[in-house]
2 protein chains.
Amino acid sequence: MNKWVIIFGSLALDSVETPFGKRKNILGGSATHAALSASYFTTPVIISAVGEDFPHKHTQFLKKNRINLNNVEVKKGKTFSWEARYGDNPNEREVLSTRVNVLADYSPFLLPEHRKIKYVFLANNPPASQMLLLNQLTSTELVVWDTMTYWIDRFPKEILEILPRVDIALFNDSEARHFSGETNLTKAGKKILAKGVKKGVVIKKGEHGAFLFTKSFILHLPAYPLEEVKDPTGAGDSFAGGLIGYLAKMGKVNDENLKRGMAYGTIMASLTVEEFGTDRFKKVTKKEIDKRFEELKKIIHF
Amino acid sequence: MNKWVIIFGSLALDSVETPFGKRKNILGGSATHAALSASYFTTPVIISAVGEDFPHKHTQFLKKNRINLNNVEVKKGKTFSWEARYGDNPNEREVLSTRVNVLADYSPFLLPEHRKIKYVFLANNPPASQMLLLNQLTSTELVVWDTMTYWIDRFPKEILEILPRVDIALFNDSEARHFSGETNLTKAGKKILAKGVKKGVVIKKGEHGAFLFTKSFILHLPAYPLEEVKDPTGAGDSFAGGLIGYLAKMGKVNDENLKRGMAYGTIMASLTVEEFGTDRFKKVTKKEIDKRFEELKKIIHF
């Protein structure tokens, strides 16, 4: 359990429409994508709740992928559901509906045996819930944290309170611009870092790659080049899962591992978006992941 | 003269407005930016025409930067002028006016002593004029070529005729999408390459970096991270100048040099946009360029 990863996020039923097709009520959610991605490096422990409608086959699929679901509550009511439409530009989407359902009054509760886990990904959630979960952990070594504009606008005080407890804060480009008030992403990254994040700020730019800003260096990786992005949903959470999964596996958070973790995050995101929902993870192997990792190295080498 | 570079493009008087200020009638033009950039690696020979209003100080400045102007005609009338406005997003601009003036009925004529030069950059120009210039050269080893949507739409036949004589074709992202009919840039790059370009297709993405597609590899470099982009004008031509200047200096077009040329192009573009017009080249040194080149290597290393 020394190298396991806590993942606090949603298990969801997603309906998406993209230029490549439509899917209804497929397995989705931030915890799902992050955990599947992290499962190639370590054992992810999901903290979440589902409704009684959550299909048994989804539970089976997650378990088959070495994901620990002992902290997942099954509550009366319906599973969190989300509906979105993407156009030709995979960086832009229209969210048609978000039904929080059983997550509306959910408080995370961590089994005593999981409280000593050192690696934590706090996926997008109300900052107060994130804080509740964080306070149940006794030995954190790396906290990776995500949020969205919705929470930044509604709970600015709570956001500023949680930041100093976060090692790596994740934003997409528009969130980073909004939170920092800066259009230029290099300025935005540095400004957010100065708000008190412990180690680094990641700005994800979808098809344009990702930045990492730390006090001592900047890393900028392009995305792994894909000819078809079938469903961009979950790219950011897969990125986070790859990053924290790799770091947990290595058991040491130094600059080298952080950079390699960013590259594994990039690769896991590239895999996720190649098929709808979690379909790509029904067949991907660790060997394929490592091959893309080496390819990414070549693609940027000069 | 063995390693000199022919640059066929415009010498212009630009008026630009950006969030950082306004400038009127400053030195601009595709040949200006490409030649200044190439001048750090080799001797650029500009092929162009100016009007009688072209300020003597601009001629002096270009000559001081080791640029050969013996093929620049001074014609009766006014110099090409161009006016644009940029908003917060440096990748988007509104062109307010383009006055072709003396370039309207200009035919390039190359002095006999320059016809054996092997490295050529055909900046944005009507494809028929580009062909005229190309036909005056006897020993080309590398032809780098630029165009824009305006010519693609008006002279599709001529564009397809010139492509097989081009080693490296340059496009920005929207031009590549338009020309290929593909939204996905990886698909676009491969499709354009298949139209008959000899060596490679470059897709420039402004602040998001640049792609190079060849038959045997893909290179994807991020932009050099800048906190302030004062004036994006000329970034693409500076990129081209750095690329061809470096390749001419090396005297050999192999994969390694192409990749390093892409990186030098990236660096030259990053310098250009830091000040209005050509101001940055009033002080930049080769040492500073090489330092950024090494920094770019570090920024992408994992």
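The buried residues of α7(A) are covered by elements that include β10 (168-172), α6 (173-180), β11 (200-204) and β12 (210-214) of chain A. This model is predicted.

**Helix α7 of chain A**
- Helix α7 of chain A spans residues 185-193, and its buried residues are A:Leu185, A:Thr186, A:Ala188, A:Gly189 and A:Ile192.
- These residues lie on the same side of α7(A), because they cover an arc of only 160° around the axis.
- An α-helix has 3.6 residues a turn, so residues three or four places apart point the same way.

**Helices α6 and α7 of chain B**
- Two packed helices are described by the angle between their axes and the distance between the axes.
- For helix α6 (residues 173-180) and helix α7 (residues 185-193) of chain B, the angle is about 60° and the axes are 9 Å apart.
- The crossing in which α6(B) passes α7(B) is left-handed.
- On α6(B), the contact is made by B:Asp173, B:Ala176, B:Arg177, B:Phe179 and B:Ser180.
- On α7(B), B:Leu185, B:Ala188, B:Gly189, B:Lys191 and B:Ile192 take part.
- By type, the residues of this contact of α6(B) with α7(B) are 5 nonpolar, 2 polar and 3 charged.

**The sheet of 9 strands in chain A**
- An open sheet in chain A has 9 strands in the order β5-β4-β1-β8-β9-β10-β11-β12-β13, with mixed pairing.
- Its edge strands, β5 (68-75) and β13 (218-221) of chain A, each pair on one side only.
- On average, neighbouring strands of this sheet are turned by 15° against each other, direction ignored.
- Within the sheet, β11(A) and β12(A) run antiparallel and are joined by 5 bridges.
- A:Val201 has A:Phe213 in β12(A) as its bridge partner.
- Helix α9 (residues 255-272) of chain A lies across β11, β12 and β13 of chain A, at about 20° to β13(A).

**The sheet of 4 strands in chain B**
- Chain B has an open sheet of 4 strands, ordered β3-β2-β6-β7, and its pairing is mixed.
- β3 (21-28) and β7 (93-99) of chain B are at the edges with a single partner strand each, so one side of each has no neighbour in the sheet.
- Strands β2 (residues 12-18) and β6 (residues 81-86) of chain B pair in the parallel sense over 5 bridges.
- B:Asp14 has B:Trp82 in β6(B) as its bridge partner.

**The contact between the chains**
- Chain B gives 23 residues to the contact and chain A gives 24 residues.
- On the side of chain B that touches chain A, the elements giving two or more residues are α7, β13 (218-221), α9 (255-272) and α10 (286-300) of chain B.
- The residues of that side of chain B divide into 11 nonpolar, 6 polar and 6 charged.

Technical notes. Residues are numbered from 1 along each chain as its sequence is written. Chains are lettered from A and ligands numbered from 1 in the order in which they are written. This is a predicted model: local features need pLDDT of at least 70, side-chain atom pairs count only at pLDDT 80 or more; totals for chains, interfaces and linings use all residues. A residue is buried if 20 or more other C-beta atoms lie within 10 Å of its own, exposed if 12 or fewer, and partly exposed in between; C-beta atoms are placed from the backbone. The arc is that of the directions from the helix axis to the C-beta atoms. Two residues are in contact if their C-beta atoms, placed from the backbone, lie within 7 Å. Axes are lines fitted to C-alpha atoms, for helices over the stretch in contact, and angles run from 0 to 180 degrees between N-to-C directions. A crossing is left-handed if the near helix is turned anticlockwise from the far one by less than a right angle, and right-handed if clockwise. Ala, Val, Leu, Ile, Met, Phe, Trp, Tyr, Cys and Pro count as nonpolar, Asp, Glu, Lys and Arg as charged, and the others, Gly among them, as polar. Two strands pair if DSSP finds at least two bridges between them.
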